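Here are my notes from going through the model, written as numbered points.

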Amino acid sequence: MITDEIETYSDTVEEAAPDEACTKCTACNTVCPVARNTEIFRGPKYLGPESERYRDPLEAAVTAGLDLCSGCKLCEVTCPSQVTIQEYIRRAQNKGAQEKGRTLRDWVLGHTRLLSRFGSMTAPLANFGNRNPLVRLVMEKVIGVHRKRPLPRYQWLTFERWFKRKRAPTPTVFRERGKEKRTVAYFSACWVNFNERRLGEMVVHVLERNGVAVTVPKQECCGIPAVVNSNTDLARKYGMENVKSLSALPPDVDIVASSTSCGLMLKHDYDHLLEIPGAAAVGARVYDICEYLWMLHEAGELSEDFEQVQTRVLYHAPCHLKSHGIGYPAMRLLRLIPGVVVEEVDEGCCGISGTYGVKVEKYDLSMKIGSRLFEAVKAAGSDSVLADCETCRMQVEHGAGARSAHPLEIVARAYGYR
């Protein structure tokens, strides 16, 4: 079990409490980054369990301000009664979208893997268009994606194609564990596959350095872009495919993810929100990559033959990492590496929340939410800002003008990855 001096408020991956468990303490409203930055949003207490008491399946589900929920899950992390506030909000959003119809933007942002596959196939053209002011103006007017929001760069060589071409490691790479070696299935997700192949390469390098064989199973989008764009039906479709694929893995194979949000979908939301059969068994085998490496450390199986890495970094803990209930394993790993000075910058949500801050009507709000973090990063100064979430890294670079990276980059450097 992973322990840490920095604890989360509560463990949100327990059995869901009914809406009547809400005591109206308003702790969720206090930590909600949206409620703290706009008076339009009525807060998770009202839009979640309080409204759920009065929702009728035969009546319209739309409640004023419902679409302003960013899905950060800090309300659930904080709730002393462990009420699954987000589930009530997401189901109401989905029902409202079914009733009034989904927009073109909801469809595009919800089909991330399809969009990313097209972007990868046309990478030079797609990247040029995403940075061309005229194209971005048209995109804002037609689709509703804010022209100032930086969009991810696509890469023609995907991680999955790279992994298939990769030379298999020699048997001497792997450390014996009894008569067997550890094997993990890497859920690389859309971001690593289409946008940041190098992070996937580092994951493979670090795991193999520690005697862990890596496989990449067949996978769809985790479904979280569909969830946050009010389409839990599409997310359930993706989730069922992933559960089917991951359930077929041998029982001794663990599953690791390098995206906190994707990992949380597999660990928790497939079972609790989407109610996919077999998801609980899959979720019990899922680890965040830094969580898994720390588990190896506690088992005495993590190689500490680190090269010295002289760097001072700031660490921003993503909101969804807090929902894992595992503390901050990345910070513990980094403190094992000689030369690394790591400091936490604890200024709350960065504001982007996946595709939330991409939308034209939410861009300014997302930047306002992240402003405290941006100012803290600028004031502290560092070589880079580390965050386990890809959109957090994008937001920090955009709002604070600082270089940002996944914590595993430092670990990989310490293992000689260049």
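1. A definition to start with: buried means under 20% relative accessible area, exposed means over 50%, and partly exposed is in between (1.4 Å probe, protein chains only). Helices (H or I, at least four residues) and strands (E, at least two) are DSSP runs, numbered from the N terminus. With that in hand, look at strand E3 (residues 254–257): Asp-254 and Val-256 point one way, Ile-255 and Ala-257 point the other way, and all are buried. In a regular strand the side chains alternate between the two faces of the sheet.

2. Some housekeeping. This is a predicted model, where local features need pLDDT of at least 70, side-chain atom pairs count only at pLDDT 80 or more, and totals for chains, interfaces and linings use all residues. Residues are numbered from 1 along each chain as its sequence is written, and side-chain values use heavy atoms, with hydrogens and water left out.

3. Staying with E3, which strands does it pair with? Two strands pair if DSSP finds at least two bridges between them. Strand E1 (residues 182–187) pairs with E3 in the parallel sense over four bridges, and Tyr-186 has Val-256 as its bridge partner in E3. E3 also pairs with strand E4 (residues 286–288), again in the parallel sense, over three bridges. There, Ile-255 stands opposite Val-286.

4. On to charges. A salt bridge here is a side-chain nitrogen of Lys or Arg within 4 Å of a carboxyl oxygen of Asp or Glu, and the search of the whole structure finds 25 of them. One is Arg-113 with Glu-160, whose closest N and O atoms are 2.9 Å apart. Arg-113 lies in helix H6 (residues 112–121) and Glu-160 in helix H9 (residues 159–165), so this pair ties together parts that are 47 residues apart in sequence. Arg-113 is buried at a relative accessible area of 5%, while Glu-160 is partly exposed at 22%.

5. Glu-307 and Arg-418 also meet in a salt bridge, at 2.9 Å from N to O. Their positions are 111 residues apart: Glu-307 is in the loop between helix H16 (289–298) and strand E5 (311–315), and Arg-418 is in the segment after helix H21 (408–414). Glu-307 is partly exposed at 37% relative accessibility, whereas Arg-418, with a relative accessible area of 65%, is exposed.

6. Check Glu-347 and Arg-372 against the cut-off: their closest N and O atoms are 3.9 Å apart, and the limit is 4 Å. Glu-347 sits in the loop between strand E6 (340–344) and helix H19 (363–380), with Arg-372 in H19, 25 residues apart. Glu-347 has a relative accessible area of 27% and is partly exposed; Arg-372 is partly exposed too, at 44%. Elsewhere, Asp-67, Arg-105, Glu-361 and Lys-362 are linked in a network of salt bridges.

7. The side chains of Arg-149 and Ser-366 are joined by one of 3.0 Å, and the backbone oxygen of Gly-357 lies 3.1 Å from a polar atom of the Arg-149 side chain. With contact meaning heavy atoms within 4.5 Å, Arg-149 touches residues including Arg-136, Tyr-363 and His-398.

8. Two backbone spots deserve a look. Most residues other than glycine have a negative phi, and most peptide bonds are trans. Lys-24 has a positive phi of about 60° although it is not a glycine; Lys-24 is in the segment before helix H1 (27–31). Ser-230, also not a glycine, has a positive phi of about 60°, and is in the loop between helix H12 (224–228) and helix H13 (232–247). Lys-24 is partly exposed at 47% relative accessibility, while Ser-230 is buried at 16%.

Note on methods: Polar contact = N/O pair within 3.5 Å; in protein donor to acceptor, adjacent residues only side chain to side chain. Lists of a residue's contacts leave out its neighbours within four places in sequence.
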